[in-house]
Amino acid sequence: MLNRKIKISVLLVLFTTSFAFCQTEVFKPVVNNLALYKKKKDLKYLAGAKKSIDSLITNRADSMDMKKSVYKVVVYSSIAYLDSLNTLKQPSDFFSKDVVMVDHLLSLKKISRFDDEMNYAKRCVANVYIRQGFGYINTSDFVNAERSFTKAQNYVPSFKQLNFYIAYSNNKLGNMQDAAKYYDSLLKTDSTKAEYLETAANIYRRLGDTAKALEIIKKGRRVLPDDKLFLYDEANIYNNKKDYKALEPLLAPLLDNYPNNADIAFVAANCYDHLNQFDKAEKLYLQAIDLNNSAFDPAMNLGLLYFKESLQKKGGDRDKYTNLAIQQLEKANEISPNDINGLKVLQLVYTQTQNKAQLINVNNKLKQLTN
């Protein structure tokens, strides 16, 4: 089976930021340090900003000052996000306390005066949770990964990529219904990402909803017509359903895209076989055997094809196809000597050709396998 490799890459920069806060003399050292960090990317300026804002909050009255609190969460959220290696040696609960401060400010009625500042703080908090989520994914801890991404989504609900991360984690956990829900949400907003469509289709297949999977795959073929995996997936569904009429139109482009794939040559041959197109079926069974001469099914099916053809012929043609059938069926038996169906077909052929010695051998073998 062919699969698309689903990639989750660490998000280095999720948001662009602007420290364009209104300056007053009291906050000037804080703002200047933030601006210097933005320009020079040196963490010492974030440390300077923290020192400045901490010096402004020394008592309960200062703590109740909304503007001071807002500047504090801006600085603290910046450090939590930007100092990912904790170069500034903050305590282990630094981020969790920052989250508490952010949540408290967001609960206040008059906080709307500081929308820009709080939106920035929320983005920083979300970024930290996303980074934690990726860390958990790297250790295959998908329970905590899902929790981290869900927490991030609380702060940046419009960031649709989080639906993918949450869906991915749920998929890994086997929570198919939850994964499908998040992928559905993604597909409503972005139907051009192959990884979304492919994984969503796979999830619905695992849920047993083949119709929904097929709907998504067809959408993938419409929006990404050059993506050959969607062609393969659609063909695979029809083949599994044994819907050979629906499969037939896909065979030519499928064979063009996968000219050296033995499995696809076999699928195409089997389809033409069921549609009673002997010449195409024979050619593709032979191609599948040529590409993989150790595969049982192509040899077995080609032997059956020749045997069926021999029953419709007379004279020399009958003998020709009977001999071809024996050749392929014996080859299939060499590959898988204990396959009961293969032995039963050989039993029929040897009975028809009155090959008593070989018939005795096959009968004995069948008795051993079925008793």
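1. Start with E309, which sits in helix α16, the stretch covering residues 296-312. This is a predicted model, so read what follows as a description of that model. E309 has a relative accessibility of 13% and therefore counts as buried, since the cut-off for that label is under 20%. Once you set aside neighbours within four places in sequence, E309 is in contact with F278 and Y321.

2. What does E309 pair with in a salt bridge? The partner is K313, and the closest N and O atoms of the two are 3.4 Å apart. As background, side chains of opposite charge can pair when their charged atoms come close.

3. On salt bridges in general, the count for this model comes to 7. Another one links K97 and D93, with 3.3 Å between the closest N and O atoms. Is K97 buried or exposed? K97 is exposed, because its relative accessible area of 52% falls over the 50% cut-off. D93 has a relative accessible area of 29%, so D93 is partly exposed.

4. K212 and E215 also meet through their side chains in a salt bridge, at 3.8 Å from N to O. Why are these two placed about one helical turn from each other? Both belong to helix α11 and they are 3 residues apart, which means a separation of about one helical turn.

5. α11 (residues 210-223) packs with helix α12 (residues 228-241) at an angle of about 150°, and the axes are 9 Å apart. Because angles over 145 degrees count as roughly antiparallel, α11 is roughly antiparallel to α12. The crossing of α11 past α12 is left-handed.

6. Which residues make that contact? From α11 they are T210, A213, L214, I217, K218, G220 and R221. From α12 they are F230, L231, D233, E234, I237, Y238 and K241. By type, the residues of the contact split into 7 nonpolar, 2 polar and 5 charged.

7. S148 belongs to helix α7, residues 142-155. With a relative accessibility of 5%, S148 counts as buried. Leaving out residues up to four places away in sequence, S148 touches Y129, Q132, G133 and Y136.

8. N270 lies in helix α14, which spans residues 262-274. Its relative accessibility is 11%, so N270 counts as buried. Which residues does N270 touch, not counting those up to four places away in sequence? They are N239, Y244, Y285 and N301. There is also a distance to note here: N270 and K280 are 10 residues apart along the chain, and their C-alpha atoms are separated by 9.7 Å.

Conventions
Residues numbered from 1 in each chain as written. Predicted model: local features only at pLDDT ≥ 70, side-chain atom pairs only at ≥ 80, totals over all residues. Heavy atoms only, no water. Axes fitted to C-alpha atoms, helices over the stretch in contact; angles between N-to-C directions. Helix = DSSP H or I, 4+ residues; strand = E, 2+ residues; numbered from the N terminus. Parallel < 35°, antiparallel > 145°, perpendicular 65-115°, else oblique. Left-handed = near helix turned anticlockwise from the far one by under 90°. Contact = heavy atoms within 4.5 Å. Nonpolar A, V, L, I, M, F, W, Y, C, P; charged D, E, K, R; others polar. Salt bridge = Lys/Arg side-chain N within 4 Å of Asp/Glu carboxyl O. Buried < 20%, exposed > 50% of the residue type's maximum accessible area, 1.4 Å probe, protein only.
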